[in-house]
Amino acid sequence: MLTVREIMTKAVVVIRSSATVQDASLLMRAKQLRSLIVEKTETIPYGIVTEKDIVFKVIARRDNPDLVNVCDIMQQPCFSIAADATVPEAAQFLADKGIHRAPVIENDELLGIISVTDILRKGQPDVAPRDELAQRIQAALQQARIIDDEEAQMRQDCDLAWQIFEEMHQDSQVAR
């Protein structure tokens, strides 16, 4: 039977707890993610911040995302799952907790993240693509995601540069 270790997403995007919600939003948009793992510190275990946290705990309250830190809205400690859990156990765990994703942690080390999407896409090894065309479409989709991710990173860099420019411009206007 498949385990979480075999189907989890290994590339996990991590953010500092001291980062602003604006930083988290920009990173999520650039990486096309719905959540970020908040790094572990000596005193704080891993946390997680989701788009839902940002919407409900910041935007809906009309707080300024530049003035709220990730540590103020993150779920911490977050629910985590063992790498050796089976796929059905992982699915049940997510359902029981009412969550869509959880970090995979072993020996206090972040190994990856498991999501409902991982379970749906990779959780049934016996279901292979029906034909060569399906395999080629899947490969093309993966390549498109890579290209889109590179373009999103470039957009994020441009957005951040523009934000810095505007702040510097405002500062120079105030100084006059």
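Tutor: Buried means under 20% relative accessible area. The model discussed here is predicted.

Student: Is Asp-118 buried or exposed?

Tutor: Asp-118 lies in helix H6, which spans residues 116–122. Its relative accessibility is 6%. The cut-off is 20%, so Asp-118 counts as buried.

Student: With which side chain does the side chain of Asp-118 make a polar contact?

Tutor: Leaving aside neighbours within four places in sequence, the contacts of Asp-118 are Ile-7, Met-8, Thr-9, Ile-113 and Gly-123. The polar contact between side chains has a distance of 3.0 Å, and the partner of Asp-118 is Thr-9.

Student: Why are the buried residues of H5 on the same side of the helix?

Tutor: The buried residues in H5 (residues 87–97) are Val-87, Ala-90, Phe-93 and Leu-94. They are on the same side of H5 because the arc they cover around the axis is only 120°.

Student: Which elements do the buried residues of H5 pack against?

Tutor: Ala-95 and Asp-96 are exposed on the other side of H5. The buried residues pack against helix H1 (4–7), strand E4 (101–106), strand E5 (109–115) and H6.

Student: Which residue follows H5, and what is its phi?

Tutor: The residue after H5 is Gly-98. Its phi is positive, near 70°.

Student: How many disulfides does the structure hold?

Tutor: A disulfide is a covalent bond between the sulfur atoms of two cysteines. Cys-71 is partly exposed at 35% relative accessibility, and Cys-78 is buried at 14%. The number of disulfides in the structure is zero.

Note on methods
Residues are numbered from 1 along each chain as its sequence is written. This is a predicted model: local features need pLDDT of at least 70, side-chain atom pairs count only at pLDDT 80 or more; totals for chains, interfaces and linings use all residues. Side-chain values use heavy atoms; hydrogens and water are left out. Helices (H or I, at least four residues) and strands (E, at least two) are DSSP runs, numbered from the N terminus. Buried means under 20% relative accessible area, exposed over 50%, partly exposed in between (1.4 Å probe, protein chains only). A polar contact is a pair of N or O atoms within 3.5 Å; within protein, one must be able to donate a hydrogen and the other to accept it, and residues adjacent in sequence count only if both atoms are side-chain atoms. Contact means heavy atoms within 4.5 Å. The arc is that of the directions from the helix axis to the C-beta atoms. A disulfide is a pair of cysteine sulfur atoms within 2.5 Å.
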